[in-house]
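Dear colleague,

I am handing over the structure below, and I would be grateful if you could look through it alongside my notes.

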Amino acid sequence: MDSHVTTGTQEHTHPTASLYFKVGLVLFVLTALEVGLYEITYGDHAGSMASTLKPLFVPLLLLLSAAKFALVAMFYMHLKQDSKLFTGVFVFPLIIAAFIIVALIILQAYHFAFARSG
Amino acid sequence: MTAHAHAAHLETSTGLDNRKVAIWTFIGSECMFFATLISNYLVNKGKSLVGPFPHEAWTSPTGQHFEPIFEIPLVTLGTALLLFSSLFVVLALSGAQRGNRKALIGWLAATIACGIFFAGMQVYEFTHFVHRGLGFTTNLFGSSFYTLTGFHGTHVAIGVLWLSTLWIDALRGKLPPARSLNLEMAALYWHFVDVVWIIIFPVVYLIK
């Protein structure tokens, strides 16, 4: 069920429908894990594990989101098969975007710490 | 006509179709746009002086009680449907590239239906929040939340309109394999809207 498509002078083979379904299933499972993690840490089903999971909650959630992001970009947006130029055009602003978020958080944290200390 | 029909050499400096380079460049700029909105939400997180709050109940000095505002199950359903819509649109694109009109029309309709549900979910959520006391200017959380999710919702609505025009084209037989790039561009935009939500969902709704 391969579908050969061309992009300019470069010819690529996009993934098969079965691979799309497998990626979709993995995305669904990762989303269920995110919500499950929230439920057992902070939700109505929070139990004895909640205190253990709390320090790991944010890193785990960000890891799961990053995995979902990468799967969609690689397989559904075809960055794995398409020209590397597209990857560059997407990833370079993404790095700047991540830098903007981290820089502003640090700046605000510093500002508030400084304001509190006097 | 097969998908190979448009394999002709493109006389551009990159050898790539200009329209596809353009949509990727646009998506790159959108990354930075949403980064500013996500930053805005994060730096104002937890700094609201008055409620309602996202995860905690709050009682005002006048004695009015506000419950936590978020409805995680509803948003989870919307998130799942947006993820499914990404799957559906690649299947529609695959159908368009193979000249399978039935698959193109069916999967594209499913994508549009998921998009409409998601947009409807957001309209319901916003209305519900306003009724529970969270307006745009109520507190820092309200302003940054509505700005971030509102801009994302607008992108979803634009995506639904774009995909709907292509669906009408497909119904009229005006989306043959040779013109499948039109759908590929819309699909790339739609996936971008999806990946932005992949970030927004945990950052806004799950992280306390």
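This is a predicted model: local features need pLDDT of at least 70, side-chain atom pairs count only at pLDDT 80 or more; totals for chains, interfaces and linings use all residues.

Residues are numbered from 1 along each chain as its sequence is written, and chains are lettered from A and ligands numbered from 1 in the order in which they are written.

Chain B has five helices and two strands (DSSP runs, numbered from the N terminus: H or I of at least four residues for helices, E of at least two for strands), and their order from the N terminus is α-β-β-α-α-α-α. Of its 208 residues, 42% are buried, that is, with 20 or more other C-beta atoms, placed from the backbone, within 10 Å of their own.

Helix 1 (residues 18-43) and helix 4 (residues 140-171) of chain B pack at an angle of about 155°, their axes 9 Å apart (axes are lines fitted to C-alpha atoms over the stretch in contact, and angles run from 0 to 180 degrees between N-to-C directions). Helix 1 of chain B is therefore roughly antiparallel to helix 4 of chain B, the term for angles over 145 degrees.

The contact between the chains takes 44 residues from chain A and 48 residues from chain B, where contact means C-beta atoms, placed from the backbone, within 7 Å. On the side of chain A that touches chain B, helix 3 of chain A gives the largest share, 14 residues.

With best wishes

Conventions. Two residues are in contact if their C-beta atoms, placed from the backbone, lie within 7 Å. A residue is buried if 20 or more other C-beta atoms lie within 10 Å of its own, exposed if 12 or fewer, and partly exposed in between; C-beta atoms are placed from the backbone. Angles under 35 degrees count as roughly parallel, over 145 as roughly antiparallel, 65 to 115 as roughly perpendicular and the rest as oblique.
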